[in-house]
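What follows is a walk through one protein model, from the overall outline down to single residues. Keep the structure open while reading.

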Amino acid sequence: MHWIYILLAIVAIIQIAIFVMARRIRKREKENNVLLKYNINSRQRAWQLLADQSIPDEDKVKIKEYYEAS
């Protein structure tokens with residue numbers, strides 16, 4: 001009977017670890033993806049963000065690449 005409790009505890013720990021890792025991956029992906037970060041869904045929105053002075057230059061380069069590609 002104790003083996004069942006041990007097995008359930010191990011499964012719970014694995015599920016928690018997978019959940020935490022998935023959140024870290026999504027957070028890292030969102031930080032690197034300017035489309036998600038600035039909610040860019042059209043060329044007009046990209047153009048507006050290129051004119052915004054509060055956006056860092058490295059993000060502007062990525063936004064400009066998106067704007068020119070679409």
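Helices here are DSSP runs of H or I with at least four residues, and they are numbered from the N terminus. The model is a predicted one.

By that definition the protein chain holds four helices and zero strands. Read along the sequence, the pattern is α-α-α-α. The radius of gyration is 21 Å, well over the 11 Å that the globule rule gives for 70 residues, so the protein chain is more spread out than a compact globule. The C-alpha trace spans about 65 × 20 × 15 Å along its principal axes.

How much of the protein chain counts as buried? Of its 70 residues, 13% do. The protein chain exposes about 6,200 Å², and carbon and sulfur atoms supply 61% of that area. Among the contacts with a separation of 6 or more, 29% are between residues 24 or more positions apart. As for charge, there are 12 positive and 8 negative side chains, and the centres of the two sets lie 8 Å apart.

The next stop is a loop. Asn39 is found between helix H2 (34–37) and helix H3 (43–51). Asn39 is not a glycine, yet its phi is positive, at about 55 degrees. Is Asn39 buried or exposed? Residues over 50% relative accessible area count as exposed; Asn39 has a relative accessibility of 53% and therefore counts as exposed. Leaving aside neighbours within four places in sequence, Asn39 is in contact with Val34 and Arg45. Asp52 is 13 residues from Asn39 along the chain, and the C-alpha atoms of the two are separated by 14 Å.

From the loop, move on to the aromatic rings. A search of the whole structure finds one aromatic pair. Its members are Trp47 and Tyr67, with 5.7 Å from centre to centre and 40 degrees between the planes, and the pair is tilted. Why does this pair tie together parts that are 20 residues apart in sequence? Because Trp47 lies in helix H3 and Tyr67 lies in helix H4 (residues 57–69), the pair links parts separated by 20 residues in sequence. Trp47 itself is exposed, with a relative accessible area of 55%.

Note on methods:
Residues numbered from 1 in each chain as written. Predicted model: local features only at pLDDT ≥ 70, side-chain atom pairs only at ≥ 80, totals over all residues. Heavy atoms only, no water. Helix = DSSP H or I, 4+ residues; strand = E, 2+ residues; numbered from the N terminus. Rg over C-alpha atoms; globule rule 2.2 N^0.38 Å. Buried < 20%, exposed > 50% of the residue type's maximum accessible area, 1.4 Å probe, protein only. Contact = heavy atoms within 4.5 Å. Areas by Shrake-Rupley, 256 points an atom, 1.4 Å probe, with all protein chains shown as cover. Lys, Arg positive; Asp, Glu negative; His and termini not counted. Charge placed at Lys NZ, Arg CZ, Asp CG, Glu CD. Phe/Tyr/Trp six-rings, centres within 6.5 Å; stacked < 30°, edge-to-face > 60°.
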